[in-house]
Amino acid sequence: MKLDPFVVEVIRHGFSAAAEEMSLVMTRSARSPLLREAGDLSSAITDGRGGLVGQGRDIPIHLGAMAYTIPELLKVVPADTLNDGDVLIYNLGALGGNHLNDVKVVRPVFVDGEIVAFAVSLAHWPDIGGTWPGSYFAKAIDTFQEAMRIPPVLIATAAGVSAPIMQLLKANVRDPEACEGDLLAQIAATKAGERRIVELCRAHGKAVFTATQARLHDLSEIEMREAIRELPDGVYEGEDYLDDGDVNNAPARIHVKITIAGDEATFDLSGSCDRVSNFCNTTPFMARSAVAYAARIMSGRDMQQNVGALRPLTIITRPGSILEPGWTASVAAGNHETSMRIVDAIFRAMQDTIPQRLSAGGATTAGVLFFAEPRQNGSWSMLYEVHGGGEGARHDRPGISATRVHLSNTSNTPVEVIEANYAIRVEQQAIRQHSGGAGTYRGGDGVVRAYRILAPSMHLTTCIERMVIPPFGMQGGEPGKPCRISLIRQGASVAIDGKSNLVLQQGDLVTIETCGGGGYGAEAAEMKGGR
Amino acid sequence: MSDSASHWEVGTDIGGTFTDIIAIRRESAETRIAKVPSRPQAPVQAMLEAIEAVGLRKSEVKRFVHGTTRVTNAIVEGRLPKVALVATDGFADVLEIARYRRRDLYRLDVPPKSPPLVPAELCFGLAERLDHEGRVLKALDEAEIERLVGWLKQTGVQSVAVALLHAYANPLHEKILGERLKDVVAHVSLSHEVNPEAREYERTSATVFNAAAMPIAVEYLSELEQRLPIGPGLQVFHSAGAMVPISAVKRRPLVMAMSGPAAGVSASVSIARQLGTSRMLTFDMGGTTTDVCLIVDGQAEMTDGRMLGDKPLRQPMLAVHSIGAGGGSIVRNGPGGLTVGPESAGSEPGPACYGRGGTEPTITDANAVLGYLNPETRLGDRIGINVEAAARVIEPIAQALGLSITETALGIIKIANATMARALRRVTVERGIDGRDCTLLAFGGGGPMHAAGLADLYGIESIVVPSASSAFSALGCLTADFSFLQQQTLRAALDGIDLSRVSERIATLIGDASAPLIANGVAQAEIDVELAALMRYAAQNDAIPVPFTLPLDATRLKTDFLARHRELFGYATNESCVIESVRVQARRPSTTVVSRPAIAVRPVSTARRICSFDGSHDIATAIVDRAAVFDVVSGPAIIEDAWSTVVVPPGWQARPDATGNLFLTRGTP
């Protein structure tokens, strides 16, 4: 079909606008601080077969996984069983999933009885049941210990929200009231997306609308192929390590072998270590999501992120490995830790070939501290805190301090919001001076944040990487300082691990110091900028 | 002072390139409009020249209201004076840490965050601490104040921002510092005055912006007071859509941060009220940006702030949504498709058709190629429109696409309009309204040119091009209400609310908001007070405004909140809810009436030009002088005056009313 290039552009705008509108509905009406303050959510529009065509300005790791969310769903829920008004909810890893906290709410969009698109709202639920409040259980032997597993079920139909399913979900989470509000917000977001898509489809006609979706994929494919062709053919290997979790709790290896041949690239991650003993396993979808991000950075182009851009890429993971550990392996932390290490490994593989497109290692850890306090009615009050750190330096500038890098982009929760809502006093929030690695350009500095516990007791989960293996320097730059976590109880220091679940006492002071970014280049730092 | 015979009221809008002026005399129902070049180095001089340009002497001016982008421009262009920040000890890095979030998801070449507004060496951590209920955890002692004073003197800054943790809940420590520092530095901004709301980064950012704007604002406002000594008649337009006396602005210059765009919206509000239009979308398309705003039932939507670059400017203001697309936006044909903006050719070199060295195709070049721009247009030092130059820069794109230059230009306009449509959608969606039910009010240089195409794309039925469209923001300065706005965090749960305590707080706020009006001679009886509770579910973040009246009725508030929540998000639950803050607007409604302006008559070519429209190319099109439009004009036609162009495509009609507004609709007259 011959398409007016201007109409393609107009429809493309429409998809992005619809996805952005969905995210807006979520942040404005959700309940959990993790969603409303930190913004740990994403929205996407796919075509009628599940191919991503539009996304919000959200979280890259989510958006990468969304490429698989619908196609995998349709393998178990055939499209012809869906009706107008249906809304599905699910979180299983096997269905294009990442970790159980990230719950997808999906609405097929019908025009004249035919599915023309799907509106997908993904949100990180602060708690989804399981062994420990927050559903991050460091020693979990499998996903059953981690959290509630939700297969695709109808949370709503044209008749309205399903009360029994809502009851079932609320009965299995630790803050049912907030959960209901968040879920209603997700459903409302998909409704908003649907409205825009139907408008768009009707305005341009179904034939043009559908052909445009295919064209958007083709345009991204063409661009990705051109970008790969510009890279020198060859085999590039790189590796990086997670702090622990391999045999004898040794650092866990992530390895990539990249083969560039003409306009195609293969990312073979088979050399990564076996399934680990903590919650840092992840799904093959996360591996693909991480590769998609890294490939886009390697391309040096500002292209549309969609399925077309993935077509020239072959991504291989090995069954039984940390990246394909089976569908019941524990994966809570792998979502944001292991996926980041894949990006690190790819950057290290390419650092001598295209250093100007990359950056030195940054704070590739979410630095999670999760505080939970039981309320009198049996529900829990919960605070999920992520922490930014230093960005890696580049060939032309120092790294920036206190930011999120690569696959993540969630925010902090303001001190004034924490103190008004939780029995916690934040005693310090500062730049961690001199934590960035030296180099021609310095890495950015991490942050320090200190939490004083005011409640009689409080549950804490830590999920912090880069405590042992620091962010790497590039082209002779030095690594950044690794993360640190400390607990002071009644004046004495108590040992605390980066991946742990423990109970805090009143008066405890928990301090996190996040890692600095790696430096770039071997010249002395004082020569050119940096702090 | 003015003699009794002269009662001219003057509004000016000081833009980046031009200063627009409009003068109105009520007795004789006379309106005059002019444009003079802005003078960034001598803004007051430009204002006085503008008064001369409408044929008035200073002594004839009774009231002079100006809106300006001076503060915003200084912020955007990073030309702010050095400012020091005083924060609670342990939190002095608040600006550099910000909210962690990076600007662009997939680009490493640009830094994830722009540099902090205050460098680390000018941030001071002060030993003191409050909790979220305003209780003093660590008192501010004399020795600490001395330490601060010593440090401040060393820095040599002229302006200091004080933003202490939880100061919105208890201003005690900030007030002490306000007293003590006023003799140490010239300008002190206190966060509880500038933006008394929770979330430390956003409040600190607003306070620092205010501190940085103060030296600039005080200097030129003082000069203006000296050179145009008309007392309380001298007023400034503020971002929340009304005017305030100069004395109030000197302490809180941030209130005029968005005063330019706000003035345009304010003029739209009076048109919406005059015409009885219940839903209106303003469409103000300029050279580099386009501003849109929603007006419902004669009230413009308000918002709690906006981003300037990646920095939050939190301050109650009109919900003007700006996008980086205007006449000068550059068109690119990349492998991923055709895009418009956000890069702009600016005023230098400007679009290729300006013939000043512009080599990249812009939206204005597309309009020139289509025949919409008068080749003899003279604006400032710009002479003529070079259509050939425009065609030359569009040609490479046309060749790449295998289309004619005309088809390509029409496509560029279509994509530009899609960008605009997205902005319209954004402001209507936030309010739960279908934009297609709105009337489009088009002004600014490009608004009336693009309005019909945009309406076709978006499904809008009716357009109004206001009579003074070329000086519309200046007009807004005059027709706006005289008002002042206060907003404060209250954070009171609705269940078990202490009505008497809350009512007391509201009474205080009403007093605060009314005081500047009373100080300027407005009688208490003339003041209207509008109240809105910003409400949310206890667990939510964003509060939505729910209007209310006194005495406070908690049941009514809850019902109204649920209805509003359902309207906005499509659902509501029975969770407990909270009044996050209260917004009080005290105003004396405007009584200014505008008549059809006597635009400086200027010969426009009344012949025909060859123009192209979507679906009909290269047709001889009537060119009509706007001053001569007294009857229906059927498209295709171009209606021109000295400063603006209205495009009436085939199938559209333009109908004038007695005051010179043009109504554009589809179909037969």
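Reply: A strand is a DSSP run of at least two E residues and a helix a run of at least four H or I residues, both numbered from the N terminus. The model discussed here is predicted. In chain B, A628(B) has its place in the loop between β30 and β31 (633-634).

Me: What makes A628(B) buried, partly exposed or exposed?

Reply: A residue is buried with 20 or more C-beta neighbours within 10 Å and exposed with 12 or fewer. A628(B) has 14 such neighbours inside 10 Å, and therefore counts as partly exposed. From I51(B), A628(B) is separated by 577 residues in sequence and by 26 Å in space, C-alpha to C-alpha.

Me: How do you know whether Y100(B) and A402(A) are buried or exposed?

Reply: The cut-off for a buried residue is 20 or more neighbours. Y100(B) has 23 C-beta neighbours inside 10 Å, so it counts as buried, and A402(A), with 30 C-beta neighbours inside 10 Å, counts as buried as well. Y100(B) sits in the loop between α3 and β6 (123-126) of chain B, while A402(A) belongs to the loop between β13 and α11 (415-421) of chain A. Although neither is a glycine, Y100(B) has a positive phi of about 75 degrees and A402(A) one of about 50 degrees.

Me: Why is chain B called as compact as a globular protein of its length?

Reply: Chain B, whose secondary structure comes to 16 helices and 35 strands, has a radius of gyration of 26 Å, close to the 26 Å that the globule rule gives for 669 residues, so the description as compact as a globular protein of that length applies. Its C-alpha trace spans about 80 × 65 × 55 Å along the principal axes, and 52% of its 669 residues count as buried.

Me: What makes β24(B) and β35(B) paired strands, and in which sense do they run?

Reply: Two strands pair if at least two bridges are found between them. Strand β24 (residues 462-465) and strand β35 (residues 662-666) of chain B are joined over four bridges, in the antiparallel sense, with I463(B) standing opposite L664(B). Strand β34 (residues 652-656) of chain B also pairs with β35(B), over five bridges and again in the antiparallel sense, and there R655(B) has F663(B) as its bridge partner. β34(B) and β35(B) form a hairpin with five residues between them, and G660(B) in the turn has a positive phi of about 95 degrees.

Me: Why are β13(A) and β19(A) said to stand at the edges of their sheet?

Reply: The sheet is open and antiparallel, with four strands in the order β13-β12-β16-β19 in chain A. β13 (380-385) and β19 (499-505) each have a single partner strand, so one side of each is left without a neighbour in the sheet. Neighbouring strands of this sheet are turned by 15 degrees against each other on average, direction ignored.

Me: How do you know what kind of residue makes the contact between helices α8(A) and α10(A)?

Reply: Residues such as Ala, Val, Ile, Met and Tyr count as nonpolar, and Asp, Glu, Lys and Arg as charged. The axes of α8 (residues 284-299) and α10 (residues 338-350) of chain A come within 9 Å and cross at roughly 40 degrees, and the crossing is right-handed. Among the residues in contact are M286(A) and Y293(A) of α8(A) and I342(A) and V343(A) of α10(A). The contact divides into eleven nonpolar, two polar and no charged residues.

Me: Which element gives the largest share of the side of chain B that touches chain A?

Reply: In all, 47 residues of chain B are in contact with 60 residues of chain A. On the side of chain B, the largest share, eight residues, comes from α12(B). The residues on that side divide into 21 nonpolar, eleven polar and 15 charged.

Technical notes
Residues are numbered from 1 along each chain as its sequence is written. Chains are lettered from A and ligands numbered from 1 in the order in which they are written. This is a predicted model: local features need pLDDT of at least 70, side-chain atom pairs count only at pLDDT 80 or more; totals for chains, interfaces and linings use all residues. The radius of gyration is taken over C-alpha atoms; the globule rule is 2.2 Å times the number of residues to the power 0.38. Axes are lines fitted to C-alpha atoms, for helices over the stretch in contact, and angles run from 0 to 180 degrees between N-to-C directions. Two residues are in contact if their C-beta atoms, placed from the backbone, lie within 7 Å. A crossing is left-handed if the near helix is turned anticlockwise from the far one by less than a right angle, and right-handed if clockwise.
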